[in-house]
There are 2 protein chains.
Amino acid sequence: MEGEMIQLDHGSGGRATHDLIRSLFAEAFNNEFLSAMNDSAVLSLNTGRVAMTTDSYVVDPIFFPGGNIGSLAVHGTVNDLAMLGARPLYLTAGFILEEGLPLEILRRVVLAMAAAAREAGVLIVAGDTKVVPKGKADKIFINCSGLGMVPEGLCIGGQYARAGDAILINGTIGDHGMAVLCKREGLALENEILSDAASLYQLVAKMLDVCPAIHALRDPTRGGLATTLNEIAQQSKVGITLDEQAIPIREDVAGACELLGLDPLYVANEGKLVACVPGECAADVLEAMRTHPLGRLATQIGAVTAEEAGRVILKTRIGGHRLVSMLRGEQLPRICCWSISEPASPWG
Amino acid sequence: MEGEMIQLDHGSGGRATHDLIRSLFAEAFNNEFLSAMNDSAVLSLNTGRVAMTTDSYVVDPIFFPGGNIGSLAVHGTVNDLAMLGARPLYLTAGFILEEGLPLEILRRVVLAMAAAAREAGVLIVAGDTKVVPKGKADKIFINCSGLGMVPEGLCIGGQYARAGDAILINGTIGDHGMAVLCKREGLALENEILSDAASLYQLVAKMLDVCPAIHALRDPTRGGLATTLNEIAQQSKVGITLDEQAIPIREDVAGACELLGLDPLYVANEGKLVACVPGECAADVLEAMRTHPLGRLATQIGAVTAEEAGRVILKTRIGGHRLVSMLRGEQLPRICCWSISEPASPWG
């Protein structure tokens with residue numbers, strides 16, 4: 001494979017496609033469903049509610065501190081399922097490759113996907129490879145669709161936040177967006193900022209163990225924390241007050257944002273979730289979150305109110321109040337490159 | 001929307017993304033699952049076997065005689081499910097859009113998807129929109145993933161063909177590939193060749209009604225009939241003899257292939273299936289197929305043999321025999337742009 005490039009006939013459906021599938025994808029994603037090699041994977045599911053989601057990943061650069069487009073695709077899709085409380089089970093992987101892409105690059109991306117999937121306990125059960133002529137795509141785009149089972153009794157969604165809910169977050173904001181941006185712009189900081197990209201299902205499971213009545217969960221990806229909270233406020237027809245002082249942010253991320261004139265409230269995260277939980281459960285949920293490595297810095301950052309329905313109000317450090325709107329315009333093109341921050345997720 | 005173009009902030013996750021989703025996608029694909037607007041769609045499924053598949057569509061040109069990239073995406077994904085005997089239920093749609101794409105083009109594609117989904121009886125329950133800078137993608141790429149239920153008692157797959165099976169096809173070969181190629185190359189034929197792109201599940205249901213024991217079904221897309229039959233021969237470890245004279249082909253398609261030096265056995269189809277059925281059922285299945293508009297020209301084109309395992313042998317018009325191999329190289333770049341012709345579908 002060394003030195004080999006992706007050619008158009010890797011996407012022709014013929015011999016070269018077969019060889020690529022056998023030598024790379026089938027081996028890396030090895031499981032009984034995929035290796036049946038039929039037009040669809042046939043899966044057994046218990047009766048009940050199934051969560052289904054899709055996301056395309058077009059991040060630039062494809063390798064960044066803390067991850068790459070492959071691991072990101074798995075984390076992002078797993079998280080879209082987890083945000084409904086669903087246990088992620090099966091993923092599909094659709095690749096659009098640019099002619100001339102070094103096979104070694106594809107191999108690194110695929111192995112990262114395989115590792116992320118193993119870690120998250122999901123199987124990649126179906127896939128697709130398309131190759132377009134040089135210049136008609138940017139190296140590699142990945143679509144990941146996912147399937148998970150929603151346990152009985154859960155009722156989680158952006159429309160279920162209620163006045164009196166506490167708003168929790170599991171850690172610092174803006175890490176992923178700034179990691180990608182600094183890498184892309186060649187910004188040399190003293191300490192490299194790492195993406196927070198990670199699969200959040202295990203953390204969610206711990207939270208649900210102590211509080212199955214969680215009202216809303218969402219991962220603030222594209223559009224950042226501000227956009228995600230606006231979505232919830234609008235879907236649930238509630239107000240949200242946010243305490244600026246309480247929002248965790250790394251000093252270097254805050255510094256890089258200031259340098260670039262970006263508001264960290266709008267910067268993408270890929271390993272963060274916000275939860276709206278009944279006020280009386282907040283302490284228990286926070287305690288449970290902090291027992292998980294991805295929830296070590298979990299904290300309450302705000303509350304849901306009956307007033308100011310549909311709006312997000314920030315209590316600033318110096319005691320003022322300002323309206324926080326949804327992202328307008330493209331603050332960070334192609335940083336996060338997926339989903340949950342859209343209002344119409346499952347139009348993720 | 002008139003005259004408006006896709007901008008980067010249509011993919012930012014913020015206000016513009018929301019507006020596009022509400023004004024176009026949510027309206028065109030309108031259903032209760034999508035409009036819940038959470039990170040995943042939550043679906044209810046009966047217990048049992050679920051088929052899951054994915055395909056990306058990168059066809060060039062995006063509009064061609066008989067369809068466009070949107071209707072094609074629905075048909076292709078529905079067919080991947082149908083080839084397992086599964087009743088297609090739910091689709092996801094992931095769009096990668098090039099900055100500057102006229103919104104009107106996107107609207108036409110989306111409406112074609114919605115119409116194709118309605119016709120096939122499937123719901124588009126989750127989606128995603130990404131926008132990349134001008135020149136980093138070619139107008140529009142679509143990923144469609146799909147979910148369907150496999151009825152109890154069916155055992156259909158490329159690995160189940162058996163000596164004695166009849167090989168059936170539902171109509172003429174090469175229509176889609178030549179429709180796209182003629183359009184792309186600006187070839188003016190006396191009669192325009194139309195793509196055969198269509199959803200095949202209703203036809204499959206009719207076939208299964210009279211013969212639940214169908215062994216293998218596959219749609220000869222990328223790589224054409226020759227590649228698909230090679231896959232089945234290899235997966236099932238059987239030989240296949242093909243009767244050239246019996247293979248239906250339109251005169252104008254045959255003529256255009258000759259003109260361009262292409263072998264129609266390797267040209268993509270998007271509304272065709274090949275079925276391996278026990279010999280004693282062949283007459284009944286053919287009769288059932290012919291009662292459906294997409295099976296009017298259904299006919300037997302070959303048989304499965306114990307000899308020559310893994311190979312496909314063509315009995316030529318003049319009585320000779322030649323080995324038909326899998327497609328090597330890229331005969332028709334970006335013509336069909338999807339799946340089933342690959343050996344490792346579900347790596348479609």
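This is a predicted model: local features need pLDDT of at least 70, side-chain atom pairs count only at pLDDT 80 or more; totals for chains, interfaces and linings use all residues.
Start in chain B with helix α1, which spans residues 15-28. T17(B) sits in this helix. Is T17(B) buried or exposed? Its relative accessibility is 0%, so T17(B) counts as buried. One of its polar atoms lies 3.1 Å from the backbone oxygen of H10(B). Because the cut-off for a polar contact is 3.5 Å, that distance falls within the limit.

Stay in helix α1 of chain B and move to R22(B), which also has its place there. R22(B) has a relative accessible area of 43%, so it is partly exposed. Now look across to S35(B). R22(B) and S35(B) are 13 residues apart along the chain. Their C-alpha atoms are separated by 9.3 Å.

Next comes helix α7 of chain B, where L229(B) is found. L229(B) is at 0% relative accessibility and therefore counts as buried. What does L229(B) touch, leaving out residues up to four places away in sequence? The list is I167(B), I240(B), L242(B), V274(B) and V312(B). L229(B) can also be placed against S325(B). These two are 96 residues apart along the chain, and 9.2 Å separates their C-alpha atoms.

Follow chain B to the loop between α8 (251-260) and β11 (274-278), which holds V267(B). V267(B) has a relative accessible area of 0%, so it is buried.

E152(B) reaches 81% relative accessibility, so it counts as exposed. L89(B) is 63 residues away from E152(B) in sequence. In space the two are 16 Å apart, C-alpha to C-alpha.

Now for a pair of helices. Two packed helices are described by the angle between their axes and the distance between the axes. In chain B, helix α6 (residues 201-210) packs with helix α9 (residues 282-290). The angle is about 145°, and the axes are 9 Å apart. The crossing of α6(B) and α9(B) is right-handed. Which residues make the contact? From α6(B) come L203(B), K206(B), M207(B) and V210(B). From α9(B) come D284(B), V285(B), A288(B) and M289(B). Six of these contact residues are nonpolar, two are charged and none is polar.

Begin with the cis peptide bonds. In chain A, one joins D60(A) and P61(A), with omega about 5°. P61(A) is in the loop between β2 (48-57) and β3 (63-64) of chain A. Turn to chain B. The peptide bond from D60(B) to P61(B) is cis, with omega near 5°. P61(B) is found in the loop between β2 (48-57) and β3 (63-64) of chain B.

Then look at phi. K237(B) is not a glycine, yet its phi is positive, at about 55°. K237(B) is placed in the loop between α7 (224-236) and β10 (239-243) of chain B. Its relative accessible area is 64%, so K237(B) is exposed. E308(B) is not a glycine either, and it has a positive phi of about 55°. E308(B) is in the loop between β12 (299-305) and β13 (312-315) of chain B. At 42% relative accessibility, E308(B) counts as partly exposed.

Finish with the cysteines. How many disulfides are there over all chains? The count is zero. Take C257(A) as a case. A disulfide needs the two sulfur atoms within 2.5 Å. C257(A) has 1% relative accessibility and so counts as buried. In chain B, C144(B) has a relative accessible area of 0%, so C144(B) is buried.

Definitions and conventions. Residues are numbered from 1 along each chain as its sequence is written. Chains are lettered from A and ligands numbered from 1 in the order in which they are written. Side-chain values use heavy atoms; hydrogens and water are left out. Helices (H or I, at least four residues) and strands (E, at least two) are DSSP runs, numbered from the N terminus. Buried means under 20% relative accessible area, exposed over 50%, partly exposed in between (1.4 Å probe, protein chains only). A polar contact is a pair of N or O atoms within 3.5 Å; within protein, one must be able to donate a hydrogen and the other to accept it, and residues adjacent in sequence count only if both atoms are side-chain atoms. Axes are lines fitted to C-alpha atoms, for helices over the stretch in contact, and angles run from 0 to 180 degrees between N-to-C directions. A crossing is left-handed if the near helix is turned anticlockwise from the far one by less than a right angle, and right-handed if clockwise. Contact means heavy atoms within 4.5 Å. Ala, Val, Leu, Ile, Met, Phe, Trp, Tyr, Cys and Pro count as nonpolar, Asp, Glu, Lys and Arg as charged, and the others, Gly among them, as polar.
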